[in-house]
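Please look over the two chains below before reading on.

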Amino acid sequence: MGLTAFFLPERLPRQVVYAGDRHAEVVSLSRGRITGRRRLEGVALAEALADGGLGWAEVMAELRPVETGIVFSASPFIYNLFDFDRLPWSNKACGELVAWRLQKIFPGDLAAYDHRFFRLDRKRVLSILAPRSLRETAEARFREKGVPLTFIGSSTLTLLRRMQAARPAPDFFIESDGPACTLLFQNRRTPIYIRTFRGSSPADAVEETLKTVAFVRGQYGIEPRRYWLIDHRDSAAALAAALASLAGQEYTRLQSGLGEAPHIPGSR
Amino acid sequence: MSKISYNLAADRRIDRRAFAWRAGALALASLLLAGLAAANLARQRQIDRGQGGQASLQAERSDRLRAAGIRLQEEIDSWKKAWSAQLAAANRLIERKRFSFISRLDLLERAFHPGLRLQHLSMANEASGRVTMTVSAQTLNDLFSLYRELVPYDLTISNETQAQGAYQVNLSFLISNEKL
């Protein structure tokens, strides 16, 4: 898989739709630079794609007929990190093992989900479930409109990939989209813990964040201090201030240095 | 650390430029490796050829030396053959020239004590120096004293008889030139 990805690299789309919790944003890219951003409030695209509800037409009206990607926030996805004694060499066997583990903890019907997994090291696997209907519906809608959909991704995984490569690397990031928050912790550039939650206010979000940090500290024996704060609602300042007031000087916010939309793949 | 590349879209597009760069880099690296391999092979072959030339020179030299050795050995053999007859003749002459009756008789004179009588003596002018004699003695002790004197000279005693109060015996022994 690594060799294929290396020798057959995917071309990143020229425009990307970010499907947030309660808004959507159409981002135009030219050689990695953001050349245009159009924000559409009140559009829950994940839901709109499923039921053909409001917002879909508005988003499509903004799109040019060029290669397009859609990046969903964390909400439609289910992330799991699994530890094994030893992972089999074969990807097929590894997939079966992960699916078996997933079946033990996942109450829903796995057939309704698109399951992908990534080996993080010799023992750890990141598993991602996405509703199959989400992909199928998105592809069908874009096809109807004659817009090539070449990328369907997750903003969290885009951020994770960038966090792994960042220097200096943060210990965790907070991805905030209104009430929805995702926390992802890494140790030695390998993700160790992911949590998504909903907080009614920045103070709530900060409190949950601090609880989660304390849990990770106790569970994994690491001291997470440096973090990225990626906010899709332009309330990062409030969140950062709340975090600073609650936690004092214990935490350091690092700037990602990835421009204004680090969750958009390929953007600078 | 594995790179996480997550894309659910079925209609993915390949970045042709990046692919071309990577394929080009791969082809270039392959060419470079092939070139390096070829250069190393050529260098190795040249070294082998040089070593082969040296080896053949050494072999030629060794053949020449072996042939010279054989020739010399043949010469030595022919010289040996020619000289061995002359050497044998010379040795015979030397032996003959060195043979001394007087010295042998002198030795017998020293060995013979009173009471012994030499009845017969035979001595030939030969390198072996074989001496045979017949001796008679008044007493056995006299005879034994003679035996003791001649024992170092491969003494052979035969036909020892006693008649008329005297002992008679035939003795044979070797007095080589070296023992004189």
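Which residues have the most contacts inside the largest nonpolar core?

## The main core

This is a predicted model. Its largest nonpolar core has 66 residues. Those with the most contacts inside this core are A:Val17, A:Tyr18, A:Ala19, A:Ile70 and A:Phe173. Two domains of chain A both give residues to the core: domain 1 (12-78 + 85-165) and domain 2 (168-247). The core therefore lies between them.

Take A:Phe173. Neighbours within four places in sequence are left aside here. A:Phe173 is then in contact with A:Leu159, A:Met163, A:Leu184, A:Tyr227, A:Trp228 and A:Ile230. There is also a second, separate core, of 9 residues. B:Ala137, B:Leu146, B:Leu150 and B:Phe173 are included in that second core. In soluble globular proteins, nonpolar side chains tend to be buried together.

## Where the chains touch

How many residues of chain A are in contact with chain B? The count is 32 residues of chain A, against 19 residues of chain B. On the side of chain A that touches chain B, several elements give two or more residues. The helices are H1 (2-7), H5 (132-145) and H6 (155-165) of chain A. The strands are S6 (113-119), S7 (124-131) and S8 (149-154) of chain A.

S8(A) gives the most to this side, with 6 residues. By class, the side of chain A that touches chain B has 16 nonpolar, 6 polar and 10 charged residues.

Strand S2 (residues 23-30) of chain A is mostly covered. Of its 8 residues, 6 are buried. S2(A) pairs with strand S1 (residues 15-19) of chain A in the antiparallel sense, over 5 bridges. A hairpin of 3 residues joins S1(A) to S2(A). A:Val17, already named among the core residues with the most contacts, has A:Val26 in S2(A) as its bridge partner.

S2(A) also runs antiparallel to strand S3 (residues 33-41) of chain A, joined by 8 bridges. One bridge partner pair is A:His23 with A:Glu41, the latter in S3(A). S2(A) and S3(A) form a hairpin with 2 residues between them. In that turn, A:Arg31 has a positive phi of about 50 degrees.

## Chain B

Chain B has 3 helices and 4 strands. Along the sequence, they follow the pattern α-α-β-β-α-β-β. Buried residues make up 8% of the 180 residues in chain B. Consider the contacts in chain B with a separation of 6 or more: residues 24 or more positions apart account for 53% of them.

B:Leu108 lies in helix H2 (residues 101-111) of chain B. Is B:Leu108 buried or exposed? B:Leu108 is buried, because 20 other C-beta atoms lie within 10 Å. B:Leu108 and B:Glu149 are 41 residues apart in sequence. In space they are 9.3 Å apart, C-alpha to C-alpha.

## Confidence

Chain A has a mean pLDDT of 86. In chain A, 93% of the residues reach 70 or more. Where in chain A is confidence lowest? Helix H2 (residues 45-51) of chain A holds that place, at a mean of 67. Confidence in chain A is highest in S8(A), at 94. S8(A) is also the element that gives the most to the side of chain A that touches chain B. Where pLDDT is low, the predicted coordinates should not be read in detail.

Definitions and conventions. Residues numbered from 1 in each chain as written. Chains lettered and ligands numbered in written order. Predicted model: local features only at pLDDT ≥ 70, side-chain atom pairs only at ≥ 80, totals over all residues. Core = buried A, V, L, I, M, F, W, Y, C linked by C-beta atoms within 7 Å. Buried ≥ 20, exposed ≤ 12 C-beta atoms within 10 Å, placed from the backbone. Domains from an automatic or database assignment. Contact = placed C-beta atoms within 7 Å. Nonpolar A, V, L, I, M, F, W, Y, C, P; charged D, E, K, R; others polar. Pairing = 2+ DSSP bridges. pLDDT = per-residue confidence, 0-100.
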